[in-house]
Structure formats: structure tokens, C-alpha cells
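Visitor: Hi! Could you walk me through this model, a bit at a time?
Guide: Happy to. Have a look first, and then ask away.
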Amino acid sequence: MTDSKTSQITTLTFIGMTCALVASVRNIPDVAATGWTMLFYMLVAVLFYAFPISLISGEFAGMFPQKGGPELWVSNSLGRKWGFVVSWLLWVQMFPGMVMVASALAPLLGNMIDNVPLGLNSKFTLIVILVVYWIITLLNLKFDMAKIGGKIGVWLGLYIPLAIMLLLGIFSWIKVGIQPHATLGHFSWAKLIPDAETAKSFVYFAPIMFIFTGIEMSSVYITRLKNPVKTYTKGIFAALIFLFFVNTLNALVVANVVPKGQMELNNIAQSISIYCQILGLPHIIVNIFSLLVFVGVAVQLSAWASGPAKTVTASARKGAYPPKFNFWKTNQFDVSKSVILTQSTIISIFALFYLLIPGVNQAFLMLVNSTTVIYCIVYVIMGIAILKLRKAKPELARPFRIGKKGGKGDLGAWIVVLVLFAAIGCSVGLTMQAGTLINFFAVTVISLILFIAPLCIDKIRKPSWEQEVQQKLNQE
């Protein structure tokens, strides 16, 4: 399965890689806003969403260990057209997704200069997103930002903030106990399951599912595991348990200090400020924390800006886009100027949500819901693809397989796919129903347009596009 023992990945390393792919500090307020019901939502997200996606991805990655990920997997099952659709969706989910992540920058800047209300102002949020993202765009055209900032971004934007939040939160809990008027409130068994009284928390269901999007990418390491079936299953489950506890513990301590109804979804430093007041710590800790996370998030945004863009370039070189778009053409850092500028322009348009939608929280939820729905469409296509491949090519070697081979071997795959579809349907449906009418309309329109667009592009696709691109590449 591997060329040498040195290329193998241990179970512990694999767990760490998986956690690094999906762990994020920006999701903590979403989870915390649901109070004690977070335990239910997180369990559902882990067991019925993240775990099925991991199993489906594991089988795909074992069959097709080459580079390409979901696009390659779906192309080999449903054909080139649907592979292109998946590639497109994984690119365009960045448009609302990057704005959602970048929206954390304004409150962090407000905390850095001791002007929290400014950081929560919609117009200021829009300005910060536009300025920072266009600086990032220009830097990506001049430098290899993914190489420069990858590790720095992970430490400043993830590991250090998570550790600080959890430690300060635990010490605050020890000092003041459970706060009755906070988002969390006193515990009761009834609060664990959503009911008519807590139905408003459904609006956070899809955003909580979003925490685990991208977990399929850890499956690319499956051929480097010593015992793929045993190690992958054990490693994924261990990573999911760790992510469950990291997110839930942080969300519990945040919910215990933020007053009910006052959770600021894009203000990561809100809880840090309250912790410092409770513990009598100097306010400069909030300033330093905000500065570190600001730099970390900006660097992570910079690294992400060029990643999906390379997928678009690869598709363009296969003739998926008109050659005149120049998506196929790259600079010395293997980055397409045309793709980067196109995505930055569209992301700027999405940033206008903060100008058009009243309230930062509502705009934030629209963006995260749009991103989640687009990603869920990819997972639905993957689910259909894995079932078709079972029937069309049963002879393919599957180093990792869902269910047993032979007899009713496909039953396990059907169960996993149907569980995933049910989780997606329930989470998205309940989130849309609990949200506002404008949220439902905006998310539906955005998702439909971005889903239909690649089908339209594929319909007008000409065989000459690939030939023309290859000629231009040969001339360079």
C-alpha cells in the first residue's frame, strides 16, 4: 500500500492532521448560542454528519489515491460533468465562506483599539473585509502566501486562541459558578433536547454542522496508514471525539458568561473581555488576544485564497472554462491572476450583505447558512456517487470499505448514505424554518444560482476549449 515504512502515518499523526483541517475558533459562538442544547446538536453533527462523510470519503480515497479529491471521485463515478460541478461548488462556497470568516476581523480590530461598538458596526465590518481581503489578494499575486503563512496562521488563529479561551473560561466558571442569567443558565435534563421553547436554537443547527465541513480531505492520507480499515476508522472517530469536546467545552464556558440574547456571533473576543472582568485581569489581555487572532485569521484567509483557485485552474486546463477567461494561466507561484481577481470581486459583492442586511448577526447567519448548503450539495453528490460506483464497478479494489464484502455488502453503504442525507435534510430544513423569511430567500437563491451555473457552463462547453488552452500552454 505504501512504498516504504517511512512514508506511513501513525494513528496519532493522522488524528492531529484531521483535527487541524476542521478545528476553528470562529465556530465557538455559534455553538455557545444554543445553550445546553449544544450537546444534542454536536452529537448529531458528529454521529450523523461528520462520521458518514468520513466513511464515504475513506472508501473513495482508497479506490482513487491520486490527487483530485471529491472532483476525481465523482468524475470516476458520475462522469466528467458532475466532477466539474463538485469542483465548482468547492470553489464558490468560498464566496460566502470567506466573507463569513473575514467578518471576525472587524470586532477583533474594535477590541484592539478599545472600541467594541465600532467593531460591531455593519458598515465598519464591510470596510474591514474589503480592505483586508484586497490586500490579501495583492499579496497572493506577488508572494507565495500559502507557504509563507500556513503554519503561523494555524498557531495564531487556532491553537493559541482555543487554549486561552478554554483556560480563562474554566477559571471563570470555578470562580463564579453557573450564571443563571447567562446564555447557558442552570442545567436541567429537559434543556438537552430542543423543544417548542428552544425551537429558536434551530437557526444554529446548520452552522454547527458547518464545523465539520472539509473533514473529507483527511481521507487523502488513507493509503499511508498501516492498516487502512482499522486505523482510518479508529483515527476518524478519535478525531471527532476530540473535536466534539474541544468545541463543546469552549462553547459551555462561553455560554456561561455571555448574557442571554447578547451573543455576538462574529466577535470571538467577546468572552475574553468578560473573562478578564470576572478574573480581575488587565484589559490588555483582550487587546493582545485580538491582535494575535486578527493576524492569524488574516494569514489563514491568505492561504485559503489560493488553494481552491488551483482547482479552478486545473479544470480550465481540461477545457472546462472558455480560454479567454485566462483561468488556465498562472504566475511564478502557480496562481492564476484571473481566478484570484474574479473570486475577490465576487467575495466583495457578497460582503455587501453587511450593508444590505440589518444586524451583523443576521448577515453572519445568512453567509454561514449559504456556505453550509453549498457544501451539503457536494456531500449529496458524493453519496449518490459512492452508491453508483458500488453497482457499476464492484470489482474495484477498496482498501477501506463501508460494510462487509459480498452478500448484503452494499447495505452498510446505503445505511451510511441515507443517514447522511437525513442529517443534511433535517439540519438545513430546521435551520431555514427557524430563521427569517429573508434568510430563507437569500440562502435558497444563492444556492440555486451557484448550483445551476456550472451546469450551464458545461452545456455550452466546446471541445475546442481544451485544444486551445493546450496550444497556449505550449507557446509559453
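Guide: Let me begin with a definition: a polar contact is a pair of N or O atoms within 3.5 Å; within protein, one must be able to donate a hydrogen and the other to accept it, and residues adjacent in sequence count only if both atoms are side-chain atoms. This is a predicted model, in which local features need pLDDT of at least 70 and side-chain atom pairs count only at pLDDT 80 or more, while totals for chains, interfaces and linings use all residues. Residues are numbered from 1 along each chain as its sequence is written, and side-chain values use heavy atoms, with hydrogens and water left out.

Visitor: Which side chain does the side chain of serine 87 make a polar contact with?
Guide: That of serine 315, at 3.2 Å.

Visitor: And where is serine 87 placed?
Guide: Serine 87 is in helix α5. Helices here are DSSP runs (H or I, at least four residues; strands are E, at least two), numbered from the N terminus.

Visitor: Is serine 87 buried or exposed?
Guide: Serine 87 counts as buried because its relative accessibility is 1%. Buried means under 20% relative accessible area, exposed over 50%, and partly exposed in between (1.4 Å probe, protein chains only).

Visitor: What else does serine 87 touch?
Guide: Not counting residues up to four places away in sequence, serine 87 touches Glu71, Thr311 and Ser315. Contact means heavy atoms within 4.5 Å.

Visitor: New topic: which residues of the largest nonpolar core touch the most other members?
Guide: Of its 156 residues, those are Tyr49, Ile56, Phe60, Trp91, Phe212, Tyr321 and Tyr354. The largest share of this core, 19 residues, comes from α17. A nonpolar core is a set of buried Ala, Val, Leu, Ile, Met, Phe, Trp, Tyr and Cys residues joined through side-chain atoms within 4.5 Å.

Visitor: What is tyrosine 49 in contact with?
Guide: Leaving aside neighbours within four places in sequence, its contacts include Val44, Phe212, Cys376, Tyr379 and Leu420.

Visitor: How about phenylalanine 205, where does that lie?
Guide: In helix α11 (residues 205-210). Phenylalanine 205 is buried, with a relative accessible area of 4%. Among the residues it touches, beyond those up to four places away in sequence, are Tyr41, Val44 and Cys426. Phenylalanine 205 and cysteine 426 are 221 residues apart in sequence and 8.9 Å apart in space, C-alpha to C-alpha.

Visitor: And serine 54, what does it touch?
Guide: Ile215, Tyr232 and Ile236, again not counting residues up to four places away in sequence. Serine 54 is in helix α3 and is buried, with a relative accessible area of 0%.

Visitor: Last one: what is the phi of asparagine 326?
Guide: Asparagine 326 has a positive phi of about 60 degrees, although it is not a glycine. Most residues other than glycine have a negative phi. Asparagine 326 is in the loop between α14 and α15 (337-351) and counts as partly exposed, at 30% relative accessibility.
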